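Dear colleague,

I am passing on the structure we spoke about, together with some notes on what was found in it. Please read the notes beside the model.

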Amino acid sequence: MLKLKTTIAAVSLICFFSVPLTYSQKIGEKNNPIWKALSENNERDISELLRNMPNIEVGKGITFMPKNESYKMTMRFRMQNMVGLSFNEHFSLNKTEAQVKRLRLRFDGYIYSPKLTYTIQLGFTSYDAKVLPNGNMNIVRDAMVYYVPSSTWNIGFGQTKIKANRARVNSSSALQFVDRSIVNSEFNLDRDFGFFGEYNTKLFSNFNFGAKASITMGEGRNWNTSQKSGFAYTGRLELFPLGRFKGYGEVIEGDYEREEKIKIFLAGTYSYNNRALRLQGQNGAMMPDNQHRNISAYFFDFILKYRGFAFYTDVMGRVCNAPTFKDSDAFVYSGKGVNLQTSYIFPSNWEIALRNSTLLPDHKIQDLAGYKFNNQSTFGVTKYLIGHSLKIQADASYNYRKNPIINGYNRWELRFQIELGL
């Protein structure tokens, strides 16, 4: 009995002290100094107890796996606490925001076989869980089952992000700024429910190629039922001419990994939403009088990274032959947008970043949009404490609209945010 109590006490100490030592040292690793100190006489007992204990690693969640390895589950959480100030052209305060912008819980793993994987993500803040135009709740963000026979290809069924543009596929936890650009906010396809497939291979030397496609409902996440709409069809091609980025750098902003050789990413996407019911396809309000429109969207992405330097270009747009509605101010935002973004991360893990975003509505909707073009320039500073898992961010933006119908829009925006995730 005394031996058992001693063993349990030793395990408790290991659990308590091993995470603060360094996030790369996992509980139970024999190079952990506390393990060495406590396990000289109890190694066999401790090993038996640790075998069924969770593996905890900062930034990689808490992982559970039984002895028979019949399933695996990794649990993660993350939160973003943000405060923002908006000012008019005379630098008078227009609006103050202070909120938990994102609070999410995620589960990943496999059941029965490592080839049958799953992803679940829930969002709990008002920003994440806004009620949809059809009245449905919006807590579920991802709920996917994948069949992964090899690293070359996989197919999935459920609800997740449409693989359309780099900025949206990027997790909001892996951004250089407090949030994504105004261009992405207008044109991104967000999440949807349907079938998804991916194929990745190396064509020759370091030249890598990827193809992604989906057939989805077209009305976005948690919509559930559509009577008059068609489906959304999306296809994307990705090229890595000089090899893949370290640590999936194509979907993580900034060059935190500090690529030793120049890496380049090129991608293009086309999406067709047949008989869409919402003004932004998978997003936005309902079209007036239960009308529908056929909406096309296109996306082009370019990334370059080298030794802490990163450069991005995003071009995206939406096409609709009849973007306006009779006797209504509602409209489909047809037009295009361009992002230019660059950054450098210093050896101290301080990063500075610049982004310029421009929205260009088509001529026929400019009066409804309220401007000829809308431009936002943003300067951001980030301090990475544990990569993107724990960081402090601040940014400042200046907004300018040409020929605005209303002059009282926000000209200056200042934001501060802390990102914490396990």
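Two strands are said to pair if DSSP finds at least two bridges between them, and the helices (H or I, at least four residues) and strands (E, at least two) are DSSP runs numbered from the N terminus. This is a predicted model, in which local features need pLDDT of at least 70 and side-chain atom pairs count only at pLDDT 80 or more, while totals for chains, interfaces and linings use all residues. Residues are numbered from 1 along each chain as its sequence is written, and side-chain values use heavy atoms, with hydrogens and water left out.

The average pLDDT (the predictor's confidence in each residue, from 0 to 100) is 89, and 86% of the residues score at least 70. Over residues 1-30, however, pLDDT stays under 50, as it does over residues 37-41. Where pLDDT is low, the predicted coordinates should not be read in detail.

Strand E4 (residues 93-111) runs antiparallel to strand E5 (residues 116-123), joined by seven bridges, and Gly109 stands opposite Tyr118 in E5. The two strands form a hairpin with four residues between them, where Tyr112 in the turn has a positive phi of about 80°. E5 is also joined by seven bridges to strand E6 (residues 140-147), again antiparallel, with Leu116 partnered by Tyr147 in E6.

Leu189, leaving aside neighbours within four places in sequence, is in contact (heavy atoms within 4.5 Å) with residues including Ile162, Thr234, Gln282 and Phe299.
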